[in-house]
Amino acid sequence: MARPTQNDFRYLLQLRILTLLRAMMLLALICPSPSAAQTDPVQPADSMTLSEAKLRGREASKLLASGRNLLDAKSQQQGPPTPRLAEFESEIKPLLQQHCVDCHGPDEVEGNIRIDSLDPNLFAGPDVAWWLEVLAVLTKGEMPPEEGELSGEDRSKIINWFTNELHQASKVRRSEQGHSSFRRMTRYEYNYALQDLLGLELNFASDLPPDPIAEDGFQNSAANLQLSASQFETYRQLALNALNQATVRGSQPTPVYWSMTFGKFIDQRATDFENERKKKEKRFADDPEKLKQEIEKLERSFSRLGGAHYFDQNRKIGVRPRWGYGGAKHAWASQTDPPSVPPTQDTVLILPPGGQVIVELGNQVPETGTLRIRARARRTLADEDAIPVLSWEYGFQASNNSSASAKIVDKGLSIDAFEESVIYEWDFPIGELKCRNPMRTISPMGKTPSPSEYLKLRNSTINKGIAHIDYIEVTAPAYASWPPPSHKKIFGEVADPNEIDASQAAGILRRFMRRAWRREIGEKELQQKLTLYEILRNQCADSQEAMVETLATVLASPKFLYVSASRRSSGKDTKYQSVDSELASRLSFFLWCSIPDEELLRLAAEGNLKEPARLRQQVRRMLNDPRSRRFSDQFVSQWLGMQLLDYLEVDSKFRMDEFLRSAMREEPKAFFHQVLQENDSAMSFLHADFMMLNDRLARHYGIPDIHGHDFRPVGISDSGSPNQLRGGLLTQAGLLAMNSDGKDSHPLKRGIWLLSSILDSPPPPPPPAVPEIDIADPAIAEMTLKERLEDHRNDPACISCHAKIDPWGIAFENYDAIGLWRTNIEGKPVDASSELVTEQRLDGMQGLKQFLLLNRQDQFSRALVTKMTTFAIGRPLRFEDRAVIDELTLAFRRREDRLAELVQLIVSTELFQLP
């Protein structure tokens with residue numbers, strides 16, 4: 001084997017170490033006892049519950065047992081560490097020679113690795129990547145094979161030496177090498193930053209391309225987030241558009257109002273009823289009994305209507321809505337005077353589940369401002385499972401082949417009022433409306449193509465909830481104050497932004513630049529922008545336009561677009577100081593995916609932020625802030641690779657509606673956020689005694705008595721309840737579905753996902769020319785999926801990879817393509833049992849969870865630490881970061897794996913403060 005040279009070292013770090021680091025388990029850090037390093041798994045008792053397995057697995061933690069030695073070694077260490085090469089030559093090399101060189105030496109080179117020619121100097125040698133691979137297979141018990149089996153004592157000796165040496169070598173290399181996580185904001189960070197800076201919840205990043213996904217699965221990786229010179233102009237235009245949406249001119253626009261009650265729909269229907277009744281009275285005048293029957297039949301036909309309809313509660317007459325785009329004859333009349341809310345009406349709009357009605361507004365909805373919708377509504381049934389949920393779409397139909405509509409409210413509003421109607425309110429930025437009629441300023445009302453636009457009101461509940469609505473009011477544009485808060489965030493109390501004096505210009509720029517650049521502004525920087533403002537003032541119509549143009553350059557600057565880092569050079573004697581303003585930015589981009597708020601900026605300016613007690617208090621405050629939900633959403637989505645769910649095409653035999661897909665997407669994020677907010681153990685991700693559910697997801701799982709769109713925790717017992725087959729991440733429908741092919745389960749995908757995302761031990765890529773499973777073969781077509789995999793695995797080209805993947809994925813076989821539990825597949829009982837390469841048997845999901853909780857808690861903890869730290873610092877981890885991850889994992893385990901404590905631990909490290 002040709003050994004990598006020193007010149008190849010950086011290349012190897014990038015291509016091999018990143019993958020190999022993720023493949024390692026941390027069983028011991030410094031000198032565990034021989035029994036602590038043995039590979040025999042903890043065996044479960046027959047009656048052991050998963051809760052008991054969680055406790056027993058913690059007691060069996062090799063990391064917790066050996067962790068005290070790490071602290072002792074740190075306290076006793078004197079002077080810089082040096083390689084223990086003499087110890088390697090006398091104690092480790094003979095063991096490797098005896099047990100490994102026959103297969104990995106000069107006569108035979110299995111796996112493209114020669115043990116005898118690797119440089120044992122991990123502090124400066126070029127072979128760290130290969131030694132990491134050796135340690136990984138030794139730790140997991142995969143090598144050597146049975147005929148070269150190591151004793152527990154010898155295996156422990158090798159693992160201890162390499163673990164300790166790698167830990168010390170990592171520290172040395174970190175002190176000698178420079179780093180930088182200098183990167184631009186991600187697409188989602190840019191959007192959140194502008195929202196927080198301008199005070200508007202608009203989608204400012206819709207025109208930006210998606211961010212690339214790094215090998216570790218994260219979108220905020222510094223290696224992928226740079227900008228070309230030409231892209232700065234794109235960001236400047238986006239910034240200018242955002243500033244124009246945030247600022248206003250002149251006096252407050254006169255709003256247009258629509259005020260709607262529904263009695264008019266009944267009047268004609270009542271006339272029709274009277275005419276029909278008179279006809280029957282005349283026809284059956286001589287037969288009173290027949291007349292009575294016909295009148296009752298007529299009343300039923302006029303009152304009992306399916307679907308959405310208007311209903312007069314006194315006259316007991318109903319009529320279904322009718323709508324057509326032609327002539328805009330169904331558009332409601334608008335008015336310029338604020339309407340008075342009418343008294344409760346006899347005629348109501350009845351919306352059963354799935355019912356919808358169009359509210360046509362004509363062509364008078366403006367281009368900017370807030371669209372405010374108010375509806376007086378109640379539910380008709382007292383049952384808890386009878387709460388309707390109202391949602392809105394905005395759209396148009398200009399002609400037969402020109403129509404579109406889109407939701408303007410992602411989450412519906414639950415109508416929980418029962419006995420008396422209550423006014424419910426929705427606000428939506430008009431600038432965010434995607435389905436505007438292109439003919440609204442071209443074609444006159446009443447002509448075709450129609451310029452009119454409409455709102456579509458829908459009861460999107462999945463339960464039996466029925467909504468009664470007797471009044472709807474629409475205002476556009478609606479402003480709570482003038483100028484709006486977003487304008488004041490920029491111009492403050494300046495009376496007339498069209499006439500800004502020099503002092504006011506300096507104040508506006510300083511305030512804005514401080515928030516945008518996340519630090520105090522130097523006088524030279526301020527003067528540069530004031531000079532630019534003066535130049536633009538001579539070219540623009542007024543001072544407001546000049547100021548907006550100047551502020552756009554602030555937002556197009558790398559000082560806004562880039563998330564900075566302090567560490568940019570290397571050298572043994574170089575000392576790095578963490579600048580508080582940069583620490584404030586790293587905190588906010590980690591936990592809020594956005595810019596710091598005023599409190600963080602103030603503490604940074606005072607130089608107090610990095611004080612441990614103050615820093616811990618700020619992390620608690622930030623996690624309690626609603627903006628921390630951004631962290632949960634983004635980290636979970638990227639950690640678990642949930643983008644796959646968005647592109648999954650599900651077979652039509654499954655009932656996969658938009659509400660179910662949305663709930664599947666939300667469940668892992670809501671679950672993670674619940675664990676974070678409660679500071680629960682991260683072992684809940686392997687198994688938990690609760691789920692996060694809403695009504696649609698609960699219905700999918702077959703769990704009764706869950707009502708409403710909002711997610712909430714629902715308890716699980718170890719046995720005896722219909723939801724006992726759930727709990728934790730592994731059994732969540734969205735994660736199971738995205739790792740299927742949309743038609744059936746996919747053990748290979750699920751096994752790879754478990755190894756990569758949960759255990760951070762991704763399998764190697766498949767070799768070239770791997771044979772495919774020939775499902776055209778009748779014998780193969782009759783096999784179960786598990787049998788096909790076993791047949792495929794028997795091919796010599798496939799067995800080495802599949803033996804390490806398939807058993808993990810087969811354990812998921814009781815869950816179909818969309819995560820539903822099953823016991824039979826096409827009439828055959830599901831066989832979800834499998835055996836790992838370590839000869840440990842997994843009996844389905846229960847066996848998989850039990851094995852992970854008993855034997856892989858250390859590995860999972862390290863995996864989670866690695867993933868979250870990678871996300872926090874915005875760059876891939878390197879070998880020189882390994883020692884920090886070792887110590888973080890031990891500290892995390894000692895704090896009972898509590899999730900919020902992990903955040904605190906990461907923030908306290910030099911790795912975060914000097915990334």
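Predicted model: local features only at pLDDT ≥ 70, side-chain atom pairs only at ≥ 80, totals over all residues.
Strand S12, which spans residues 453-459, takes part in two of the pairings described here. With strand S6, residues 356-362, S12 pairs in the antiparallel sense over six bridges. Within this pairing, Gln356 is placed opposite Arg458 of S12, and Ile358 is placed opposite Lys456 of S12. Strand S8, formed by residues 389-399, is likewise antiparallel to S12, and six bridges connect S8 and S12. Here Tyr394 stands across from Leu455 of S12. Both S6 and S12 are mostly covered: five of the seven residues of S6 are buried, as are six of the seven residues of S12.

The side chains of Glu453 and Arg436 meet with an N to O distance of 2.9 Å. This pair links distant parts of the chain, since Glu453 belongs to strand S12 whereas Arg436 lies in the loop between strand S11 (422-429) and S12, 17 residues apart. Glu453 has a relative accessible area of 0% and is therefore buried. Arg436, with a relative accessible area of 12%, is buried as well. A further set of charged residues, Arg372, Arg374, Glu425, Asp427 and Glu473, is joined into one network through salt bridges that share partners.

The loop between S11 and S12 also contains Pro449. The peptide bond between Thr448 and Pro449 is cis, with omega at about 5°. A cis peptide bond is also found from Trp482 to Pro483, where omega is near -10°. Pro483 is located in the loop that runs between strand S13 (467-476) and helix H11 (485-491).

In total, the structure holds 50 salt bridges. Side chains of opposite charge can pair when their charged atoms come close. In one of them, Lys279 is bridged to Glu276, and the closest N and O atoms are 3.8 Å apart. Both residues of this pair lie in helix H9, three residues apart, about one turn of the helix. Lys279 counts as exposed because its relative accessibility is 52%. Glu276 is partly exposed, as its relative accessibility is 32%.

The other contact joins Lys280 to Glu294, with 3.2 Å between the closest N and O atoms.

Together with Asp286, Glu289, Glu296 and Glu299, Asp287 forms a negative surface patch.

Further features concern buried residues in other helices. Ala516 is part of helix H12, residues 502-517, and is buried, with a relative accessible area of 0%. The C-alpha atoms of Ala516 and Leu194 are 8.8 Å apart in space, although the two residues are 322 residues apart in sequence. Gly844 lies in helix H28, residues 844-855, and counts as buried because its relative accessibility is 6%. Between Gly844 and Pro807, a C-alpha to C-alpha distance of 9.8 Å accompanies a separation of 37 residues in sequence.

Positive phi values occur in two residues other than glycine. Arg518 has a phi of about 65° and is found in the loop between H12 and helix H13 (523-537). With a relative accessibility of 3%, Arg518 counts as buried. For Asp897, phi is near 60°. Asp897 is situated in the loop between helix H30 (882-894) and helix H31 (899-908), and Asp897 is buried, with a relative accessible area of 1%.

Methods:
Residues numbered from 1 in each chain as written. Heavy atoms only, no water. Buried < 20%, exposed > 50% of the residue type's maximum accessible area, 1.4 Å probe, protein only. Helix = DSSP H or I, 4+ residues; strand = E, 2+ residues; numbered from the N terminus. Pairing = 2+ DSSP bridges. Patch = residues over 30% accessible without salt bridge, like charges linked within 9 Å, V, L, I, M, F, W, Y side chains within 5 Å. Areas by Shrake-Rupley, 256 points an atom, 1.4 Å probe, with all protein chains shown as cover. Salt bridge = Lys/Arg side-chain N within 4 Å of Asp/Glu carboxyl O. Lys, Arg positive; Asp, Glu negative; His and termini not counted. Charge placed at Lys NZ, Arg CZ, Asp CG, Glu CD.
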